[in-house]
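Visitor: I would like to learn how to read a protein model feature by feature. Where shall we start?

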Amino acid sequence: FLLEVENQFGKMIKRIRSDRGREYEFLGFNSFVQSLGIIHETTPPYSPSSNGVAKRKNRTLIDLTNAMLIDSGAPSNLWDEAILIACHMINRVSHKKTKIVPYELWRVHKPNLGYLRVWGCLTFVRLVDPKRLKLGEQLTTCAFLRYALHSTAYGFFDMEKNIIFESGDAIFHENKFSFKSRNIGG
């Protein structure tokens, strides 16, 4: 996908470029984008070089994901969580030539980066009230996995129960990785 965005008041998608993938033939995609006044361009058949920008972006995402999985010691079955964070980060880093942040182009203001955490780091998450006992453990050992979509919470992988859940009450140890201390298969 390559999107061309108009830099005026009400950001508007003018053009979408794809590689003739069959996913665009279904569900009336072409008629939908045409009804919005968007031009759907396709690259010539069997010419991956025509889609260079998207291929390079995908390669960058894969490289970042691989580095995150290796550095944190996380199992490869968490690649989907890692690639979402990699994409999240790319959208908040300025472009080398233009010095413009993609997030800023879309939202018209600079992103707040104070909430960012190291992916896969060791975290201690406070147990929520219904699960917390007056005596005994108050925290559970987790690894940071994601940012919640519509809240200020974070997503965690519970190392003891092997479940993913969200919470906003955690202590992050960004120089330690919980996957490296445990042998979690994947």
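**Reading the model**

Guide: Start with contacts, meaning heavy atoms within 4.5 Å. Among contacts in the protein between residues at least 6 apart in sequence, 45% join residues at least 24 apart. This is a predicted model: local features need pLDDT of at least 70, side-chain atom pairs count only at pLDDT 80 or more, and totals for chains, interfaces and linings use all residues. Residues are numbered from 1 along each chain as its sequence is written, and side-chain values use heavy atoms, with hydrogens and water left out.

Visitor: How should I read the confidence, and where is it lowest and highest?

Guide: pLDDT is the predictor's confidence in each residue, from 0 to 100. Where it is low, the predicted coordinates should not be read in detail. Here the protein averages 81, and 82% of the residues score at least 70. Strand β1 (residues 2–5) has the lowest confidence, with a mean of 42. Strand β6 (residues 154–158) has the highest, at 95. Residues 1–10 have a pLDDT below 50; in the model this stretch has 22 contacts beyond near neighbours in sequence.

Visitor: How many helices and strands are there, and in what order do they run?

Guide: Helices (H or I, at least four residues) and strands (E, at least two) are DSSP runs, numbered from the N terminus. The protein has five helices and eight strands. From the N terminus on, the elements run β-β-α-β-α-α-α-β-β-β-β-β-α.

Visitor: Now the sheet. What is the strand order?

Guide: Two strands pair if DSSP finds at least two bridges between them. Five strands form an open sheet in the order β7-β6-β5-β4-β8, with antiparallel pairing. β7 and β8 each have a single partner strand, so one side of each is left without a neighbour in the sheet. Direction ignored, neighbouring strands are turned by 40° against each other on average.

Visitor: Next, the core. Which residues have the most contacts inside it?

Guide: In soluble globular proteins, nonpolar side chains tend to be buried together. Buried means under 20% relative accessible area, exposed over 50%, partly exposed in between (1.4 Å probe, protein chains only). A nonpolar core is a set of buried Ala, Val, Leu, Ile, Met, Phe, Trp, Tyr and Cys residues joined through side-chain atoms within 4.5 Å. The largest one here has 26 residues, and Trp119, Phe144, Phe156 and Phe179 have the most contacts inside it. Two or more core residues come from each of α2 (52–72), α3, β4, β5, β6 and β8. Over the whole protein, buried residues make up 32% of the 186 residues.

Visitor: Where is Trp119 found?

Guide: Trp119 sits in the loop between α4 (102–107) and β4. Trp119 counts as buried because its relative accessibility is 6%. Leaving aside neighbours within four places in sequence, Trp119 contacts residues including Met68, Leu78, Ile85, Phe144 and Phe177. Trp119 and Phe144 are 25 residues apart in sequence, yet 5.7 Å apart in space, C-alpha to C-alpha.

Visitor: Last, how many salt bridges does the structure hold?

Guide: A salt bridge is a side-chain nitrogen of Lys or Arg within 4 Å of a carboxyl oxygen of Asp or Glu. The structure holds six. One of them joins Glu81 and Arg146 (2.4 Å, N to O). This pair links distant parts of the chain: Glu81 lies in helix α3 (residues 79–90) and Arg146 in strand β5 (residues 139–147), 65 residues apart.

Visitor: Is Glu81 buried or exposed?

Guide: Glu81 is buried, because its relative accessibility is 8%. Arg146, at 26%, is partly exposed. Another bridge joins Asp169 and Arg126, with the closest N and O atoms 2.9 Å apart. Asp169 is partly exposed at 37%, and Arg126 is partly exposed at 33%.

Conventions. Axes are lines fitted to C-alpha atoms, for helices over the stretch in contact, and angles run from 0 to 180 degrees between N-to-C directions.
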